[in-house]
Amino acid sequence: AVMSAPPPPPGAHPPFFACYLVVSLDPRRAGKSYVGFTANPPRRLAQHNGALANGAKYTSSLRPCDMIFIVSGFTSKVQALQFEWAWQHPVTARATRKSALERGVTNASTSPAKKTQLMCLMLGLAPWKHMTLRVDVLSMHARGMYDKYASGVVPAHVDVRQSTMRDVKALVDDALGDDAEAHDYDEDALNVAGDGECTPSCGLSASGQSGMGVCASCGRELAAGRAAVGCGACGARAHAACMARHFFTNAGERAKTWSSKLIPEDGPCPSCSVAMSWGQAVAAARARRRRRGAENVAPLARVDEQCSPGGAHSSGNMSMAKKAKLTPSVSSVEKERARIRAWRDEEWFDAEAAREDEDDEEELVLSVV
């Protein structure tokens, strides 16, 4: 059966889901690596090195170890776990079997070079090539391996960055407070099998908003309830279904060679005709939503502005005592911040750590097998 994650509740912050590659720094264990899943890479690396309890038992023999790659941008836990499974079992997973065998990569391959080559291959295979993923490279040696295997394989829309673990920690913290990407029409909105075949999901969530212009393909309004994608060159937007139909129509016979009958590989913008991949169309819509979110953030109105003449609470009709009640005290604000921090630190990360502490992660039965 194909697994599908339910959409997040309204107002919820999208969590950070990532897959990673750690390598041993022990000369006696040179060439050994480990692939895993986490929602907090800095914490997970500390667990692998024994600085925190409940690290994976397998990596205890790899200590000291270092994290060299982090692949993020998954919009559901299912997506990340499917990527992890295929990265661990490339010959078993249907999506990667052919490419892995052609390049001599097996389920038993543990060398960092083989795992890097496999990661680059996966980024260029369905369903992952349709996603707007990000790769953080955490060492110069890892960058050299990535550059060797990524050329001509990794899609142009994949965000590749030379980062530090401090940068990654900031990324995790930002994800807890940014809900701009909670709902998108990409692979998270679909049931995705390991071979790239997709079927509509009941968990499809819309990202369109009323008053956001018209579809560049059909000319109808981009109303609420309809997900949208865009063009990074001219800024045009279109319904996801309309853009997909436009891509398929322009591809003609070439579309028969594509891995999915639902998500197109690439096509021209209906407005400016610039060629782009489906992942670039999704990424353009995400970037636009982030920009609009930043523009729409306004400071909280002051109490005297709320109580200005003609407002809902006129200063002439409101006593100072009522004004004081509308103003949150410093202590109440601090208490609320402490409550949020406690929830984040104790409930979210501890719950995620409990998931990561399972020693039989590789035995998970996912739809990719």
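S217 touches A238, C242, H246 and P270, leaving aside residues up to four places away in sequence. Touching, or contact, means heavy atoms within 4.5 Å. S217 lies in the loop between β7 (198–200) and β8 (228–230). Helices (H or I, at least four residues) and strands (E, at least two) are DSSP runs, numbered from the N terminus. With a relative accessible area of 35%, S217 is partly exposed. Buried means under 20% relative accessible area, exposed over 50%, and partly exposed in between, with a 1.4 Å probe and protein chains only. S217 and A236 are 19 residues apart in sequence, and their C-alpha atoms are 9.5 Å apart in space.

This is a predicted model: local features need pLDDT of at least 70, side-chain atom pairs count only at pLDDT 80 or more, and totals for chains, interfaces and linings use all residues. Residues are numbered from 1 along each chain as its sequence is written, and side-chain values use heavy atoms, with hydrogens and water left out.

Now the whole chain. The protein chain has 11 helices and 11 strands. Of its 369 residues, 46% count as buried. Take the contacts in the protein chain with a separation of 6 or more: residues 24 or more positions apart account for 63% of them.

Next comes the interior. A nonpolar core is a set of buried Ala, Val, Leu, Ile, Met, Phe, Trp, Tyr and Cys residues joined through side-chain atoms within 4.5 Å. The largest such core has 38 residues. Inside it, F69, F74, W87 and W128 have the most contacts. At least two residues of this core come from each of β1 (18–24), β2 (33–38), β3 (65–72), α2 (77–88), α4, β4 (134–137) and α5. The largest share, 6 residues, comes from α2. F74 touches F17, A18, C19, Q79, A80, F83, W128, M131 and L133, again not counting residues up to four places away in sequence. A second, separate core has 18 residues, including A236, C269, W278 and A281.

Two packed helices are described by the angle between their axes and the distance between the axes. On the α4 side, the contact is made by P112, A113, T116, Q117, M119 and C120. On the α5 side, M145, Y146, Y149 and A150 take part. These residues divide into 8 nonpolar, 2 polar and no charged. Ala, Val, Leu, Ile, Met, Phe, Trp, Tyr, Cys and Pro count as nonpolar, Asp, Glu, Lys and Arg as charged, and the others, Gly among them, as polar.

Finally, the backbone. A cis peptide bond joins R63 and P64, with omega about -5°. P64 is in the loop between α1 (41–48) and β3. A cis peptide bond also joins A126 and P127, with omega about 5°. P127 lies in the loop between α4 and β4. S273 is not a glycine, yet its phi is positive, about 70°. S273 sits in the loop between β10 (266–268) and β11 (275–277). At 55% relative accessibility, S273 counts as exposed.
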